[in-house]
Each structure stands twice: as C-alpha cells, then as structure tokens.
Amino acid sequence: MPTDKEINLAIKTEVPYLNEPSANSSAGQPGPHINEAHKVVVRDLDFFYSGQQALFGISLNIVEKKVFALIGPSGCGKSTFLRTLNRMNDTIPGTSLKGSIKIDNLDIYKGIKDVSSLRTRVGMVFQKSNPFPKSIFENVAYGLRVNGIKDKRLIAEVVEETLKGAFLWEEVKDKLDHSAYALSGGQQQRLCIARALAVQPEILLMDEPASALDPLSTAKIEDLINELKKNHTIVIVTHNMQQAARVSDVTAFFYEGYMIEYGDTRKLFTKPEKKKTEDYITGRFG
Amino acid sequence: MTGIQLSPVKESSPRHNIHESFGRKSSGRIPAGLTATAVIIIAMMLFIILGNIVLNGVGVIDWKFLSHPPENGMEGGGIFPAIFGTVALVLLMTIAVVPVGVLTAIYLHEYTSPHSKVTRLIRMAINNLAGVPSIVFGLFGLGFFIGFVGNGIDTLFYADEGPVWGQPAIIWASLTLSVLTLPVVIVATEEALRTIPREIKDASLALGATKLQTIIKVVIPNSLPGILTGAILAISRGAGEVAPIMFTGAAYYLPYLPQKLNDQFMELGYHIYVMATQSPDIEATKPILYGTVLVLLLLTFMLNFSAIIIRSKMRSKNAH
C-alpha cells in the first residue's frame, strides 16, 4: 500500500489530464477558453466523516459532455466523492472537507452561498429509486415547483418533454396522475432520472443507478446515459465494470479513499498503469 | 455502496444454533400460558365495564336526553350542554396542541442533532411533562392561565371592569388540556417523522429544494397520518380528563351554552363527577349517570373513529 504522498506524486506526474493547462487554473484567472472542456476541476480533496478521513488528496478533472465513471470496491469513497460534487454530504452532520472543487471555475464550497441553486445545476440520481409518494406528473414537476415556477402550462410542457427525454413518455402518458409507486423498478428509476432532468442540470450525478435493476432495465438506463451525454456532463458511480466500460469515456479507480488512477476508459481497462487497478479490473479482489 | 459481493461464507456453526433452540423449546409453554391469562383478564375487565355501562345506559338515551339541558337539579332532562361543551373543549384543545406539538417535533427531529445537550434537555422535559399528574395541570392552569395570563389581560385592557379573562373559561380549560396532551402529539409526530425515508428527503434536496421546502412539501405531507394519530390520542386523552378542567372552566350547571372564548362550559366528564358526588339524590340520578357515561364513551369513540377514517384515507392517497 503506497503512502498518501507517493500516490499524490504519482498522480501529479503520471496522469496526463492533470498536466493540461487547466491544472494550474485559479479562480481569478479569466478565459473560459482554457477550461472550456473541463467542467469540474477537483484539487487535493480530503473528506472527513466526524474526524475520520474518507478521501485523501483527490485531484481530477471532469470533461464537459462526457461520461465519467467511478469504480472501486465498496467503501472506497467513490460515492462520498460523488456526493461532494453537489454538496449532498452537507446534510450529514460532522462532515468536513479540505481542498477545492470548481465547477465552471467557481469554487462550489467557498464561492457560493446558495447550495440549492448549485443542486439545480448538479442533479443527482440515487442508487435506490426514490420517487416521492406522489403522482408521476407531480414527481417530475417537483423540481420546477420548488424552484418557483408556477405557470401550469409551462410545467406541463416541461414534464412531457422531460419524460420523452427519459424514454418514459410512451409508457406513462396515459397515467400521469397515477402514483409513482405503481411503476416497475426500472420505470421508477427512469422517472427519478426524468425528475432530476426537469430542472435542466448541466451535470448529472448517478450513484449506481442500475444496481438494483434487471438486465433489460439496466440496458435502458445505459441507452439513456448515452443519449443524455449529448447535453449533460455525467458522473456515474458503478459497481459493474462492464457497465463502466460500456457507458463511460473516462474512468477513475478509487481504492481506500485514494484515487489510484484515472484516464480514458478503454485504456484503463486494457492497459492500466497501476498494479492495483489491474488487480481490481481483472477480478483479483473487490 | 452496498452491492452484491462474493465474500467467503463465514463458517458460523449452524449446529450451535440448533443446540440453543433445543434449550429454548422446552420452556415455551409457561410464558404462552401466562401471557394468554393476562390477555383474558384484560378482555374480561373491558367486557364487564362496557357491558355494565351499555346495559344500564342504553335505555336512558333518546333524542330528548341528547338535545335538552338538565332539569330538576340534575334528576331529569338531558345533557346537551355537556355534549356541546365537551366537543367545543376538545376542538379548541386540538387547534392549540397540534400546531405546537408538530412544530416541536419537527424542530427536534429535523433541526437539532439527536445527541446535543439542548435536545436531550427538551426530550427530558417532554417525558416529565407526560408524567405529571393531571390535577397538577389543573392547578397550573388556574395559576398560570387564569391567574397570570387572564388577570394580566384584564389589568392591561379591562382595568375598570370586573374580571373578563381572569376567570375560569373554556379557553383556559382547553389550553390547560393542550399542555397536558402536548407530549402525546410530540411523540407521535416524531415517530411519524422517523419513518420518512432519508432517500426521499435527499431526493428533494438534490432537486434544489431548501430544507424548509423539503419539510413543507415532503416531510409534513408524508407524516400527516402519524400527526393525525397523535391528534387522535390527544383527543382520547383530553376528552376523558376531569381534573385539569375542574378549576379552569368547567361549570356545575349553566343555563346557556358557551358563546365566547371566556365563557364557562359544561363538560361530560365533569358532569359525571358532579352527578356522582354532588347530587342530593344519588338513586334518582343514577340512570342519567349511566346514560351520560355511555354518551361520553360513544363521543370519544366517534371522535377517534372519524380521525382514523381520515388517516386511512390519507394513507391510501399518499402511498400506493
């Protein structure tokens, strides 16, 4: 097990993404042209649950309108990392964080006051589908309503459009007023994706979105991800390495709170640079 | 982070468990017998009490009994003012106790960390409040609501009149009852808040809802059945209490119904107490007494029942 410092060093010298100009961008530096592709820039991120460190010096860039996959064994910190990106960890008492996360060059911890507006820009889909105990329509409309949209016609339009975008419209258009709980597991998860999309986030975080679903529903979700990346930056946590290989452009491997390596998905799965990564993707542990 | 993982199955010895259950099996009959006996005793008690009341009371109840005031020094007539007073008292109490109780529960559950000193202190206070004898609440109501609040209002606004608010009245009785039933509402509401899955709250927050919006749009609607349970329990408790209202507003006999918040009122429980202890001719009032007890039971039952129906309707609307 390499030490913290060694890993940081290794990341800084060996991972090509970090050596691009954006790596030394600072908040004051103008020019989106430099950072054009880098939607999210994470630097030296440490994360603590009531004093216990869960993430160690994570530094990475997430490219706009690509799918970024996080893989690693249970407890490696990939979900924790995902939840730092929309500050959902804020809801857990006793957590703290060091380092910086910038989205579009703005530090989302130090640079903004309104967490809820961040979360409308960075949507989230959870592992277990968690629709509200409301109608299908109201589930999708919820995000619009809490963001102050009252125009009924506009809401109805957005709901329809979003459900179409999530490939769910044909299945639910005749029962929009039915309870969301009446849908199947896969449909519920697509409803949750639609619900997240309704507020038009730029980034969509997905925490093992298909882990509780059957293969057919999983395939539908993966198709959807491929469609969504045309307009959204997607960060997905997955246990399923085939899934990471199928849907993602870039993959990061997390282990015990460290990011061991990250890079082009095809390369990471065929020619990983680190032994640990190779052991994991070849199924020697995890 | 939970996923299916192929981990080596632990060799926890199944044999050991079997031996343990052998040991338990032999002693199963005695506890079952004891618990069944306890149930039978309770059921018999209930049956005797209810049977006695129903048999003796049902003949007294007719339309006149329900719709007329008492006559001939309680030996005749009906109990309408007491029914009216009880319903009014309980409704006022509910209006006062439910919002305060629900807000307290929300504060405790959503805004404080469960292990902080303040939270533990508040919880301790609530538990102690639930353990205070009801007569003490009566004295508290007399001292605080009538003596302090009521008299205070009188000296400030009605200085040149007689007592307007500084006297026993339905408002003070219902407020006293609401203090008494506050713990019930708080505990039931907290119970309901606890059942709301974290995932649903997270989903709301992740959509950009603020904490307050999440509470108003997700937490409260989904805990309404639980809140109603609290209200039901509070009503059952409140409608049966006599001690807290004895000093704070219940009247022996009133020729009129309460019209204003500072009027006195008649109440079924207190009426029963009065007829059983203060009547000059106990034998003459006995049938009326039975009838009144039966009406009180039915009224409490009806209040409960309607709340249960509302609750189950809400449940079916909310969930599946």
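Two strands are taken as paired if DSSP finds at least two bridges between them. The structure considered here is a predicted model. In that model, six bridges join strand β9 (residues 250-255) of chain A to β10(A), and the two strands run antiparallel. Val250(A) has Asp264(A) in β10(A) as its bridge partner, and Phe253(A) stands opposite Glu261(A) in β10(A). The hairpin formed by β9(A) and β10(A) has two residues between the strands, and Glu256(A) takes a positive phi near 50 degrees in it. Strand β10(A) is mostly covered, with six of its seven residues buried.

Both strands belong to an open sheet of six strands in chain A, with the order β6-β7-β8-β3-β9-β10 and mixed pairing. The edges are formed by β6 (122-125) and β10 (258-264) of chain A, each of which pairs on one side only. From one strand to the next, the twist averages 15 degrees. Helix α8 (residues 185-197) of chain A packs on this sheet, where α8 touches β6 and β7 (203-207) of chain A. The direction of helix α8 makes about 170 degrees with that of β6(A). Helix α9 (residues 215-228) of chain A lies across β3 (67-71), β7 and β8 (233-237) of chain A. Relative to β8(A), helix α9 runs at about 150 degrees.

Asn89(A) is located in the loop between α3 (78-84) and β4 (95-103) of chain A. Asn89(A) counts as buried because its relative accessibility is 0%, the cut-off for burial being under 20%. When residues up to four places away in sequence are not counted, Asn89(A) touches Phe47(A), Tyr49(A), Thr80(A), Arg83(A), Thr84(A) and Thr95(A).

The largest pocket contains about 760 Å³ of space. It is lined by 26 residues, of which Thr91(A), Glu110(B), Arg198(B), Lys201(B) and Lys211(B) are the closest to its centre. Two or more lining residues come from each of α4 (115-121) of chain A and α4 (80-111), α7 (170-194), α8 (198-206) and α9 (211-240) of chain B. Helix α8(B) provides the largest share of the lining, four residues. Classified by residue type, the lining of the largest pocket comprises nine nonpolar, seven polar and 10 charged residues.

Note on methods: Residues numbered from 1 in each chain as written. Chains lettered and ligands numbered in written order. Predicted model: local features only at pLDDT ≥ 70, side-chain atom pairs only at ≥ 80, totals over all residues. Heavy atoms only, no water. Axes fitted to C-alpha atoms, helices over the stretch in contact; angles between N-to-C directions. Contact = heavy atoms within 4.5 Å. 1 Å grid on protein atoms, 1.4 Å probe; cavity = no way out; pocket = protein on both sides within 12 Å on 5 of 7 lines; lining within 4 Å. Points joined across faces, edges and corners; volume = space filled by probe spheres on them. Nonpolar A, V, L, I, M, F, W, Y, C, P; charged D, E, K, R; others polar. Buried < 20%, exposed > 50% of the residue type's maximum accessible area, 1.4 Å probe, protein only.
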